[in-house]
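Colleague: I am new to this one. Could you show me the model, so that we can go through it together?

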Amino acid sequence: MSYLKTLLLTFCLFCAGVIHAQSADLAPELEVFKPYLGTWQADFDVGDNKPKIQDVGRWERALNGKAIRTAHSINEGEYGGESMIFWDSKKQSLVFYYFTTAGFYTQGTMNVLSPTQFVAYETVTGSKEGITKVKSTSDFKDGQFVVSTSYLKKGEWTKPEKRIYTRSNKQVIFK
């Protein structure tokens, strides 16, 4: 009987190891995103007498490691979006599409700057605020990541906005 228990335990541990290994595998071009996998939150610096803004985002491996899926929501579903990031072999570039609850979408490319840093360039379609392009830089350091974002709005680039994301147990919520 103890032999059967040992065999069963060994089999379970082996299966758990295989499942974990498969869940961690990413296409080589997506390795920069490995530390970003998981759930994160940022509390925006909005100033005095303004409503608080909290962004909760989840990054996950998708399509057998050939893509990264992200989803995020601001203020528990007031606004949100989802994206897919993948390697486009024809363009020889990281490409992504981002769809929002506000009815607009973006498409863009990403350049890896270092093993923990990348920059994204987006073209916006359908923004009611007059935003036509977005540039953001993300840098993973010391267990958190910092995102600096500028918007081309009505023909002028905005001052970069900086947000610091830390690990979170919160959920991405869509209403």
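Colleague: Let me start with strand β5: is it mostly covered or mostly open?

Modeller: Strand β5, residues 93-100, is mostly covered, with six of its eight residues buried. Buried means under 20% relative accessible area, exposed over 50%, and partly exposed in between (1.4 Å probe, protein chains only). Strands (E, at least two residues) and helices (H or I, at least four) are DSSP runs, numbered from the N terminus. Please note that this is a predicted model, in which local features need pLDDT of at least 70 and side-chain atom pairs count only at pLDDT 80 or more, while totals for chains, interfaces and linings use all residues. Residues are numbered from 1 along each chain as its sequence is written, and side-chain values use heavy atoms, with hydrogens and water left out.

Colleague: How many bridges join β4 to β5?

Modeller: Eight bridges join β4 (residues 79-88) to β5, and the two run antiparallel. Two strands pair if DSSP finds at least two bridges between them. Opposite Y97 in β5 stands M84. Four residues lie between the strands of this hairpin, where Q92 takes a positive phi near 50 degrees.

Colleague: And how many bridges pair β5 with β6?

Modeller: Six bridges, again in the antiparallel sense. V95 has T109 in β6 as its bridge partner. The hairpin of β5 and β6 has four residues between the strands, and G103 in the turn has a positive phi of about 90 degrees.

Colleague: Which residues form the nonpolar patch on the surface?

Modeller: Y97, F99 and Y105 form it, with about 280 Å² of accessible area together. Such areas come from the Shrake-Rupley method with a 1.4 Å probe, and for residues only the protein chains shown count as cover. Patches are made of residues with over 30% relative accessible area and no salt bridge; nonpolar side chains (Val, Leu, Ile, Met, Phe, Trp, Tyr) are joined within 5 Å, like charges within 9 Å. Y105 belongs to strand β6, residues 105-114, and is partly exposed at 33% relative accessible area.

Colleague: Changing topic, how many salt bridges are there?

Modeller: The structure holds four salt bridges, each being a side-chain nitrogen of Lys or Arg within 4 Å of a carboxyl oxygen of Asp or Glu. One of them joins R163 and E161, whose closest N and O atoms are 2.3 Å apart.

Colleague: Is R163 buried or exposed?

Modeller: R163 is buried, at 15% relative accessible area, whereas E161 is partly exposed at 33%.

Colleague: Which residues are linked in a network?

Modeller: R58, E60 and R69 are linked by salt bridges.
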